[in-house]
Amino acid sequence: MKKIHMILLNVLLVLSLVACDSGIDGQMPEPFLNMESTGGDELRGYFIKYDAKFTSLDSNVLNLVDKEECEAWINNFTLGEREPSESNILNFVSEFNIPKEKLLEAISTQYYIEGATLTTEDVDIIYSNDMELINQTYISDYALYYNGGIYTPEWIYTNSLEKYEEEGIPAELVDEAMQKFKSFPFTEEALAAMDKKVDTYRERAKSVPIVTQEEITITESIQDNVQAVTT
């Protein structure tokens with residue numbers, strides 16, 4: 001069986017868990033009772049944007065590039081020089097200029113594991129240059145997708161309501177996302193804070209409608225056209 005390499009993902013998650021700066025906006029309590037002792041697998045979905053298929057690199061795929069160059073690429077993540085979400089198959093093939101045919105050849109000899117092994121259809125998507133399709137196909141089950149952006153449970157939990165509004169995320173999507181990741185081992189205090197947070201955001205959305213980036217773009221376009229006509 002060919003070994004599936006989850007490139008340093010568990011290491012990166014451990015580093016994230018142990019980090020002193022949790023990124024919490026000051027209004028939310030610590031989400032977990034003891035982040036250092038909580039299992040990495042149990043919290044994996046709390047931190048990641050993409051699913052295992054997108055972030056797993058089989059040894060056959062890794063062998064498509066020079067060993068030293070591959071190790072240097074990996075070290076960018078172990079040393080914290082790049083975001084963990086950037087450790088994925090799309091960036092790997094893009095940054096090493098791996099032709100589609102080479103990737104197809106590499107995956108043809110993989111041992112197939114449901115939900116983790118790339119298929120020829122996956123390769124077509126990866127080389128499509130369609131980021132909306134790629135994001136929607138490989139987004140983590142727990143992450144929220146909106147207006148081209150992917151928001152992890154960590155992002156949703158730690159960021160303020162003002163940040164939600166800035167991103168233009170509808171309250172119902174935040175509510176749906178929070179319901180999905182309540183399966184994580186949150187403390188009772190954190191669960192109560194999440195419920196209060198989404199209730200408050202829902203009420204704020206009723207009184208102050210959220211303006212999406214798309215609406216801003218349309219408004220700016222109309223203003224530009226009006227200015228062009230009057231000048």
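**Stop 1: helix α7**

Select residues 100–107, helix α7, and pick out its buried residues: Leu103, Ala106 and Ile107. Buried means under 20% relative accessible area, exposed means over 50%, and partly exposed is in between (1.4 Å probe, protein chains only). Helices are DSSP runs of H or I with at least four residues, numbered from the N terminus.

Before moving on, note what you are looking at. This is a predicted model, where local features need pLDDT of at least 70, side-chain atom pairs count only at pLDDT 80 or more, and totals for chains, interfaces and linings use all residues. Residues are numbered from 1 along each chain as its sequence is written, and side-chain values use heavy atoms, with hydrogens and water left out.

Now look down the axis of α7. What do the buried residues of α7 pack against? Show α4 (59–62), α6 (89–95) and α8 (120–126) to see these partners. Contact here means heavy atoms within 4.5 Å. Then turn to the face away from the buried side, which carries the exposed residues Glu101 and Glu105.

**Stop 2: salt bridges**

Stay on α7 and select lysine 100 with aspartate 124. They form a salt bridge, with the closest N and O atoms 2.7 Å apart. Lysine 100 is in helix α7 and aspartate 124 in helix α8, so the pair ties together parts that are 24 residues apart in sequence. Lysine 100 is partly exposed at 27% relative accessible area. Aspartate 124 is partly exposed too, at 41%.

The rule for a salt bridge is a side-chain nitrogen of Lys or Arg within 4 Å of a carboxyl oxygen of Asp or Glu. By this rule the count is 11.

Next, select lysine 53 and aspartate 122. Their side chains meet in a salt bridge of 3.0 Å, N to O. This pair links distant parts of the chain: lysine 53 sits in helix α3 (residues 52–55) and aspartate 122 in helix α8, 69 residues apart. Are these two residues buried or exposed? Lysine 53 counts as buried at 15% relative accessibility, and aspartate 122 counts as buried at 5%.

Jump to helix α13 (residues 188–207). Glutamate 203 and lysine 206 are three residues apart there, separated by about one helical turn. Their salt bridge has its closest N and O atoms 3.4 Å apart. Glutamate 203 is partly exposed at 47%, while lysine 206 is exposed at 60%. Then select Arg82, Glu86 and Glu95, which salt bridges with shared partners join into one network.

**Stop 3: aromatic rings**

How many aromatic pairs does a search of the whole structure find? It finds 19. Rings of Phe, Tyr and Trp (its six-membered ring) pair if their centres lie within 6.5 Å; planes under 30 degrees apart are stacked, over 60 edge-to-face, and the rest tilted.

Select phenylalanine 32 and tyrosine 46. This pair is edge-to-face, 5.0 Å centre to centre with 80 degrees between the planes. Phenylalanine 32 lies in the loop between α1 (9–18) and α2 (40–47), and tyrosine 46 in helix α2, 14 residues apart. Both are buried.

Compare tyrosine 50 and phenylalanine 54. Their ring centres are 4.6 Å apart and their planes at 50 degrees, so the pair is tilted. Both residues are buried.

Finish with one aromatic cluster: Phe32, Tyr46, Phe47, Tyr142, Tyr157, Phe181, Phe184 and Phe186.

Note on methods. Helix = DSSP H or I, 4+ residues; strand = E, 2+ residues; numbered from the N terminus.
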